[in-house]
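Trainee: Before we discuss any labels, could you show me the model, so that each term can be set against its definition?

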Amino acid sequence: MKKEDQLEEKNPMEDLLRMDRIPHIWCPGCGIGTVVTSFTEALKKSKLDLDKVVVVSGIGCTGRVAGYVKLDSFHTTHGRAVPFATGLKLANPELNVVVFSGDGDIAGIGGNHFIHAARRNMDITIICVNNFNYAMTGGQVAATTPLGANASTAPYGNFEFPFSLPYLADAAGATYIARWTALHLRRVTKSIQEALSKRGFSFIEVITPCVTLYARRNRLGDGLNLLKYYYDNSEIHHGADTRTLDISYQGKLVVGKFVDKEKPTFLDAMNKHLGKVLGDKYVLYGRINDDRD
Amino acid sequence: MKKVKADPKGVLTGSHYLDGDHSLAEGGLAAGCRFFAGYPITPSTETAERFSERIPTVGGVFIQMEDELGSIAALIGASWAGKKVMTVTSGPGFSLMMENIGLACMMETPIVIANVQRGGPSTGLPTLTGQQDMMQVRWGSHGDYEIIALSPDSPQECFDLTIEAFNLAEMFRVPVFVMTDECIGHMHEKVVIPPAEEIELVERKWYTGPKEKYLPYKPDKDLVPFMIKAGDGYRFHTTGLTRDERGYPVINAECQDVCVRHLIDKINKNADKIIKLEEEEIDNAEIVVISYGITSRVAIKAVQKARKAGIKVGTLRLITVWPFPEIRIKELAKKIKAFVFPEINCGQIVLEVERCSWGQTQVIHVPHCGGWVHDPDDIFHAIKEAAK
Amino acid sequence: MVYFGDLKEKKGKIHINKDRCKGCGFCVEYCPKDVLEMSDEFNIKGYHPPYIKNEDECCYCQLCETICPEFAIFVTLKEKEEQREKGESRP
């Protein structure tokens, strides 16, 4: 490594990363770092006021993202990142709140909060990194582990049926739903940009390889093999019916932007309704029109 | 500490006939609470209902979350966005909130939680009174930490102590609990709400220095760190993991030592500023009746009867239950013959009195398993026994 | 490569932070121009970082920069580098 390189140029992502905490704790070949890069690219391209972007994470490997991005960030308790984000957004509607957490955190222990936040159409963005298990604690079976896969608490194979996260989000009422794999770099970036500027509950699922646990237990090779597999076996179907998006063990993955619709957010609905019913007595809350960009 | 005046929109000045639950809500609104996230649970639901009616007219948000776990998480988030926040619950909901109360302590977030206690354990007696969560409020979450708990004895005090709770939470960046019970919660009494100019409020210590030098958890001279809110450009990070002054997680024993000691010293070393007691005829007393909440009103009758019978009885009412007034109990234990402690539980705060008496005096507990208040005669008999 | 009019192909200069690399191989595999290759040397943690095999082929697509999970590789536009070396400033 030439010394001059370090002094001359700085990695352009460094102003959005907490360089005093790099190198991070994720395994070699883990896709979370790739998703974080796509996220930082999206932030730079979107030209948002970065002081107003807040990242909330839960517990788990993906939960550590909050500690590495140089934004106002919160590392909260397991499963409670979504209501924490709800509180932040309602208390200060000018914030742009992003929940960056894993599949176990959002759809497992946090399942109830996830569906209610989607139902209320809270104006937050959820980036769910799906690696099909609870990685941080050693690779236990999760609500998204495909049927037949091996996990540390399903040593003879998983016999439970997994969630299809886009279907769950759609049924709960999310207004923007997309699914990509970690290798769809530019498409993930574009989805995140769209979600950040959209008013309403946005849900982006990114399927990433988990090398040390999911891949190792299921003899699927290393990070590169798994990433290649996910990308090569994914088909892009924008607007596909969310009922057909199940993921079978080492089967085909359907990716794309499935839902992009308009619905009043919680605060919009609150302002409109209470303004109508209470008239002059009601004190308007938050911004009334969308001029975030 | 910045002192601010109350927002007149939230202060319902005048003389009212309210019950405890409604007074909690009025106290919160007068103190500047503009975010309420709760879940309905008997006997505290009336507070949430009143908030849902009143808060849209004062420029705040009410949200009924899907469960208590979501409520308290939303509360902590809203507090970090700069608002004053409150919720209200009872026994079963209180148990659900415990994990995130630990998070609020670790992140040093000011929040106010009112617990309108009912008979327990488990679903217990939803519509009848109890004082059975007094130890849980102190030790409920895992790990070592300190909180502040206040206990009102009337709807008027529900109003006053809620304002006090907000001030303490803002001063010490800690969760503060208002521990009432179903009896006071559903009891209607006269509540006088003063004009807004007469209500003194405290705001959290906002940081005003250069952004690069900000350390989220560096204690100030009074052991409380400066606070900022999300969205102001400080790019801070905070976590529930054991953290250092920068807010970054550091997983080793040295950091744990510094971190946990700070959380404990912050309250213990400032205990003299927090503790409030109400004492009556204590100087020459031979017996002291300690009580808190509704039991203190029941005890008045027993004490009057005992004084007529010639026994020198003093009363000590715990307005602040946690941090426990150890020093005062130690002082009294040297001088008096016995403490008589009625509680609507099978022995919770009495254990603290026993601990702090150091065996220097008798401690007589008058338990009650819950569902109703004591019979004043039971307390009177206990006083008579102690006087022998 | 045929370019129309004044369109010029972009050239990239690759910067690799060898000690941060964890040898996952994503950049090597997905570089569209086959510019990188895994080396045999060890970095400070014992991983094999990549080395630049054909710098001239790099077309500044920045795929390696976006895909690297360790933030260990990035690309700068070569014109900028050459101009800085000459001491000129860009308008």
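Trainee: Into which domains is chain B divided?

Mentor: Chain B is divided into domain 1 (2–203) and domain 2 (277–387), with bounds that come from an automatic or database domain assignment. This is a predicted model, in which local features need pLDDT of at least 70, side-chain atom pairs count only at pLDDT 80 or more, and totals for chains, interfaces and linings use all residues. Residues are numbered from 1 along each chain as its sequence is written, while chains are lettered from A and ligands numbered from 1 in the order in which they are written.

Trainee: What makes α1(B) mostly covered?

Mentor: A residue is buried if 20 or more other C-beta atoms, placed from the backbone, lie within 10 Å of its own, exposed if 12 or fewer do, and partly exposed in between; 12 of the 12 residues of α1(B) are buried, including B:H22 and B:L29, so the helix is called mostly covered.

Trainee: How do you know that the span of helix α6 of chain B is close to the expected one?

Mentor: Helices are DSSP runs (H or I, at least four residues), numbered from the N terminus, and the expected span is 1.5 Å times one less than the number of residues. Helix α6 (residues 155–172) of chain B has 18 residues and reaches 25 Å from its first C-alpha to its last, against the 26 Å expected, and therefore counts as close. Just after α6(B), B:R173 takes a positive phi of about 50°.

Definitions and conventions
Helices (H or I, at least four residues) and strands (E, at least two) are DSSP runs, numbered from the N terminus.
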